[in-house]
Amino acid sequence: MRHFRELSEDEAEATREVVSGYPNERDEKFRPSAYHRCTTPGCRRVQRKDNWQVGGNLPEGF
């Protein structure tokens, strides 16, 4: 089981780019507070708190 935490400001901006391909997550509807990030070392996964299928991996360096 993985644990998640709230996004930092830098992660929120990167998450906007990661999920921009989802129709319901376009710019005007994107809410960083609806997402969280995996805390497992080396994991870059971000996903919606209410729908794990909406998400992806942050770019290298995060």
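Q: Is Cys38 buried or exposed, and what value decides it?
A: In this predicted model, Cys38 has a relative accessible area of 3%. Buried means under 20%, so Cys38 is called buried.

Q: Why does Cys43 count as buried?
A: The relative accessibility of Cys43 is 12%. That value falls under the 20% cut-off, and therefore Cys43 counts as buried.

Q: What makes Arg37 a buried residue, and where is Arg37 found?
A: Arg37 belongs to strand S2, which covers residues 35–38. Its relative accessible area is 8%; buried means under 20%, so the term applies to Arg37.

Q: Which residues does Arg37 touch, leaving aside those up to four places away in sequence?
A: Among them are His3, Phe4, Leu7, Cys43, Val46, Leu58 and Phe62. The side chain of Arg37 also reaches the backbone oxygen of Phe62, at 2.9 Å.

Q: Why is the pairing of Glu11 with Arg37 called a salt bridge?
A: The closest N and O atoms of Glu11 and Arg37 are 2.6 Å apart. A salt bridge requires a side-chain nitrogen of Lys or Arg within 4 Å of a carboxyl oxygen of Asp or Glu, so this pair qualifies. Glu11 lies in helix H1 and Arg37 in strand S2, so the pair ties together parts that are 26 residues apart in sequence.

Q: What other salt bridge does Glu11 form, and how accessible are the two partners?
A: The side chains of Glu11 and Arg5 meet at 2.7 Å, N to O. Glu11 has a relative accessible area of 4%, which is under 20%, so Glu11 is buried. Arg5 has 36%, which lies between 20% and 50%, so Arg5 counts as partly exposed.

Q: How do you know that Glu13 and Arg16 form a salt bridge?
A: Their side chains meet at 3.8 Å, N to O, and the cut-off is 4 Å, so the pair is counted. Both residues lie in helix H1, 3 residues apart, about one turn of the helix. Salt bridges that share partners, in turn, join Arg5, Glu11 and Arg37 into one network.

Q: Why are Glu13 and Arg16 called partly exposed?
A: Glu13 has a relative accessibility of 46%, and Arg16 has a relative accessible area of 22%. Both values lie between 20% and 50%, so each residue is partly exposed.

Q: How many salt bridges does the rule give in total?
A: The count comes to 6 salt bridges.

Q: What makes the radius of gyration of the chain agree with that of a compact globule?
A: For 62 residues, a compact globule would have a radius of gyration near 11 Å, and the chain has 11 Å, so the two agree.

Q: Which elements does the chain contain, and in what order do they run?
A: The chain has 1 helix and 4 strands. From the N terminus on, these elements run β-α-β-β-β.

Conventions:
Residues are numbered from 1 along each chain as its sequence is written. This is a predicted model: local features need pLDDT of at least 70, side-chain atom pairs count only at pLDDT 80 or more; totals for chains, interfaces and linings use all residues. Side-chain values use heavy atoms; hydrogens and water are left out. Buried means under 20% relative accessible area, exposed over 50%, partly exposed in between (1.4 Å probe, protein chains only). Helices (H or I, at least four residues) and strands (E, at least two) are DSSP runs, numbered from the N terminus. A polar contact is a pair of N or O atoms within 3.5 Å; within protein, one must be able to donate a hydrogen and the other to accept it, and residues adjacent in sequence count only if both atoms are side-chain atoms. Contact means heavy atoms within 4.5 Å. The radius of gyration is taken over C-alpha atoms; the globule rule is 2.2 Å times the number of residues to the power 0.38.
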